[in-house]
Amino acid sequence: MADLAYLEGFPCPRRNEGGDREVAQEGLVAISDRLIFLDVETTGLDHQRDRIIEIFMLSLSKDGEVAEYETLINPQRPLPKEITEITGLTDADLKDAPVEAEVAPVVREFIGLGTPVAHNLQFDLRFLNAMFRRNNLLELGGAGIDTLTISRELFPRLAVYPGGGGSHRLSNLMYHFRLEGAYANAHRAREDVMLLVEVFRHLQDYASGRRALVYPEALIYGCPTCGAAMHVVEEQQGKVLVCRNESCQVRLVV
Ligand SMILES: [Zn+2]
């Protein structure tokens, strides 16, 4: 489980006065004593039109208290085929699940004054707040910890690993931190939150210097010649880092 003591001094995204995101490099951004690691699965990408179909939340308190909440939600509409392909969830799985009017108050109470943590947090917050609005519940503010933003700040030239998807996707971070043996990026809320907690911990360790730089540095800082991000390619002789800049073509054996 994540050690919340690590939070002291950890760089956390926050909004500056102009409304843009920035990373506070020092001090403690207002973080409550409780972190709520969360993930939602939805019927699509539009937070107004689409609906949440699954939520998993893991609450970790500074005093060591751990709680979790998980539910499926019946979206009262057929699931798009792509969503079944991504999540494995079907209409049959959701038909006996509670509807959002039953779930929303419980979710809101569970979060309480906790600080939400998610990968691409604004996506989850938009869906949660739309649900809270429809059910006359107090919305969450925009504050929270976004591991996607933190990863981009820490590793601006992060290498792309085989099977990792986009460079800062949870799946790519899973490969980067060598977590693929223990976790799956399954696009199911519980599995993704468990992976999120572990990725968060690795980001904390890295940010605070507790973890040595991943060798070679090009994995994080990009091509030593041109600075572009690298691809990790598996070849017969082992892993090779290939510069993504086609006119550069630097190759490094990892
Ligand atoms: Zn290059």
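Two notes on the ground rules. Residues are numbered from 1 along each chain as its sequence is written. Because the model is predicted, local features need pLDDT of at least 70 and side-chain atom pairs count only at pLDDT 80 or more, while totals for chains, interfaces and linings use all residues.

I'll begin with the whole chain. The protein chain has eight helices and ten strands. These are DSSP runs numbered from the N terminus: helices are H or I with at least four residues, and strands are E with at least two. Of the 254 residues, 34% count as buried. Buried is a matter of counting: a residue is buried if 20 or more other C-beta atoms lie within 10 Å of its own, exposed if 12 or fewer, and partly exposed in between, with C-beta atoms placed from the backbone. For contacts, the rule is that the C-beta atoms of two residues, again placed from the backbone, lie within 7 Å. Among contacts between residues at least 6 apart in sequence, 54% join residues at least 24 apart.

Now to H7. Helix H7 covers residues 189-207. H7 has 19 residues and reaches 26 Å from its first C-alpha to its last, close to the expected 27 Å. The expected span is 1.5 Å times one less than the number of residues.

Which residues of H7 are buried? Among them are Ala-189, Asp-192, Leu-196, Val-199, Phe-200, Leu-203 and Tyr-206. The cover over the buried residues of H7 includes strands E3, E4, E5 and E6, and helices H5 and H6. After H7 comes Gly-209, with a positive phi near 75°.

Two packed helices are described by the angle between their axes and the distance between the axes. H5, residues 147-154, packs with H7 at an angle of about 35°, with the axes 11 Å apart. The axes are lines fitted to C-alpha atoms, for helices over the stretch in contact, and angles run from 0 to 180 degrees between N-to-C directions. The crossing of H5 and H7 is left-handed, meaning that the near helix is turned anticlockwise from the far one by less than a right angle. On the H5 side, the residues are Thr-147, Ile-150, Ser-151 and Leu-154. They meet Leu-196, Val-199, Phe-200, Leu-203, Tyr-206 and Ala-207 in H7. By class, this contact has eight nonpolar, two polar and no charged residues. Here Ala, Val, Leu, Ile, Met, Phe, Trp, Tyr, Cys and Pro count as nonpolar, Asp, Glu, Lys and Arg as charged, and the others, Gly among them, as polar.

Take Tyr-206 from that list. Why does Tyr-206 count as buried? Because it has 20 C-beta neighbours inside 10 Å. Leaving aside neighbours within four places in sequence, Tyr-206 is in contact with Leu-154 and Arg-211. Tyr-206 and Leu-154 are 52 residues apart in sequence, but 8.3 Å apart in space, C-alpha to C-alpha.

Next, strand E3, residues 34-42, which is part of the cover over H7. Eight of the nine residues of E3 are buried. Strands of a sheet pair through backbone hydrogen bonds, either parallel or antiparallel. E3 shows both: nine bridges join E3 to E4, which run antiparallel, and three bridges pair E3 with E6 in the parallel sense. Pairing here requires that DSSP finds at least two bridges between the strands. Leu-35 has a bridge partner in each: Leu-60 in E4 and Thr-115 in E6.

There is also an open sheet of three strands, in the order E8-E9-E10, with antiparallel pairing. E8 (230-235) and E10 (251-253) are the edge strands, each pairing on one side only. Neighbouring strands of this sheet are turned by 30° against each other on average, direction ignored. Six bridges join E8 to E9, residues 238-243, and Val-240 in E9 is the bridge partner of Val-233.

Last, two loop residues. His-187 sits in the loop between H6 and H7 and has a positive phi of about 55° although it is not a glycine. His-187 is partly exposed, because 18 other C-beta atoms lie within 10 Å. Gln-249, in the loop between E9 and E10, has a phi near 60°, also positive in a residue other than glycine. Is Gln-249 buried or exposed? Gln-249 is exposed, with 12 other C-beta atoms within 10 Å.
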